[in-house]
Amino acid sequence: MNIIIVGGGKVGTTLTESLCNEKHNVVLIDNNPKVIESIINTYDVMGICGNGASCDILSEASINKAYLIIATTASDELNILCCLIARKMGARHCIARVRNPSYAQQLVFMRDELGLSMMVNPEYAAANEVSRMIRFPTAIKIEIFAKGRVELVEINIKENSPLAGLPLYKLYQLYKIKILICAVQRRDEVFIPDGNFILHTGDKIHITAGHSELAAFFKATGILKNRIRSVLIIGGGTLAYYLTLQLVEIGIHVKIIEQDYQRCQHLSETLPKATIIHADGTDPNVLNEEGIDDVDCCVTLTGIDEENILIAMYANSKSVNKVISKVNRVSLLGILDSLGEESTVSPKAITANSILRYIRAKQNTKGNSIRTLYRLVEGKVEALEFVISPNNRSIGIPLKELSIRKNLLIACIIRGNKVIIPNGNEKIKPNDSVIVVTTNQMLQDFDDILK
């Protein structure tokens, strides 16, 4: 597939890497020659230096042969303009990154009336993810499927956990709750476990089930954390704005510490239910003065990953119940693990997942559409939700009789309002939503799970 990316920032670079790994033909456009040089030296792509909204530059990138153009510059307006021009010049599909809250009410109009195929808002999507972590503080991360009916939750098995040393086949015997552990990270190794797999202290496990079953399981195992009632946010950017809007609506008290005075004034006007503090949130004295010892959750959302990590470490040293950090650089995640920092959010990774899901759905020719796609464990594992077409060749066959690839697990089946944690005798039916967890990358169709 011929794909043009306009903007070589964090999101553009992440997309370039992912799309190259999936063997697409990528052209990157950026007006900074150093960015172009860095990317073409790292990835097998064509680079063009110039304005992505210029007809001449788009012609040079062969826009008339492009299946998709993705505009991810720092300017919402430029991204929209770029897509409009590209569509007129022959691009089949256009995706624009749009972050400004002022455009939030116009997204449907822009998509339907202006012909944009998709619009992505990294900060809004990241705020949704952080909000889920705050509502369910036991989890390191939470991904949702089937419009929220099924959750895939990551937790850490700590010392003295009743799960340590337990083979998976004993879970239902002990707790009588239908959940499925579908992936395990043990240091640098990743496992798609079977029933004989034994859990160890320090393992990060990914559990899938409905929300009520997960809550019951965490309560039964004694790892359910108390509800969060107060949140301290460091950094008052767009992500913090979207997050605060969600939290104050459910009665959580939010305090934001922001260095920029004008931004503080703006937040005070647009978020009247939150407390806005003009100060340096990286200063421990400020954090102490603003009551970091007393808050239930600290969320670090500055624009610098290293600052977010250091503040998170300080919050952990103060025994804050839940600490969440915005971290975009994948290389830092391993350091975070070694330091005991758990919950992180990456707007660029969330955006890349959304766009990859769209691309794979467009590549699918058999009708088993991909509704949801998440990358887990630093991209080593994928969790995908397929909607099964009536002509799928797996329909009506017990799962135990299917010749399924190694390192792949059918984690859950959603049939209407019913959530099924499948056993070997379960059969797939037309229009089921089926969640697959695998270390095999680039599944495009449900049939790809078969050998």
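I began with Thr244, which is in contact (heavy atoms within 4.5 Å) with Ile233, Val254, Ile256, Leu271 and Ala274, leaving aside its neighbours within four places in sequence. Before going on, I noted that this is a predicted model, where local features need pLDDT of at least 70 and side-chain atom pairs count only at pLDDT 80 or more, while totals for chains, interfaces and linings use all residues. Residues are numbered from 1 along each chain as its sequence is written, and side-chain values use heavy atoms, with hydrogens and water left out.

Where does Thr244 sit? I found Thr244 in helix 9 (residues 238-249); helices (H or I, at least four residues) and strands (E, at least two) are DSSP runs, numbered from the N terminus. Thr244 is buried, at a relative accessible area of 0%; buried means under 20%, exposed over 50% and partly exposed in between, with a 1.4 Å probe and protein chains only.

Next I looked up an open sheet of six strands, whose order is 14-13-12-15-16-17 with parallel pairing. Two strands pair if DSSP finds at least two bridges between them. Which strands stand at the edges? They are strand 14 (275-278) and strand 17 (343-345), each with a single partner strand, so one side of each has no neighbour in the sheet. On average, neighbouring strands here are turned by 20° against each other, direction ignored.

Helix 10 (residues 261-270) lies across strand 13 (253-258) and strand 14, at about 170° to strand 14. Axes are lines fitted to C-alpha atoms, for helices over the stretch in contact, and angles run from 0 to 180 degrees between N-to-C directions.

**The rings**

How many aromatic pairs does a search of the whole structure find? It finds eight; rings of Phe, Tyr and Trp (its six-membered ring) pair if their centres lie within 6.5 Å, and planes under 30 degrees apart count as stacked, over 60 as edge-to-face and the rest as tilted. Tyr175 and Phe217 have ring centres 5.7 Å apart and planes at 85°, so I logged this pair as edge-to-face. Tyr175 belongs to helix 7 (residues 171-175) and Phe217 to helix 8 (residues 211-221), so the pair ties together parts 42 residues apart in sequence. Phe217 also forms a tilted pair with Phe218, 6.1 Å centre to centre with 55° between the planes.
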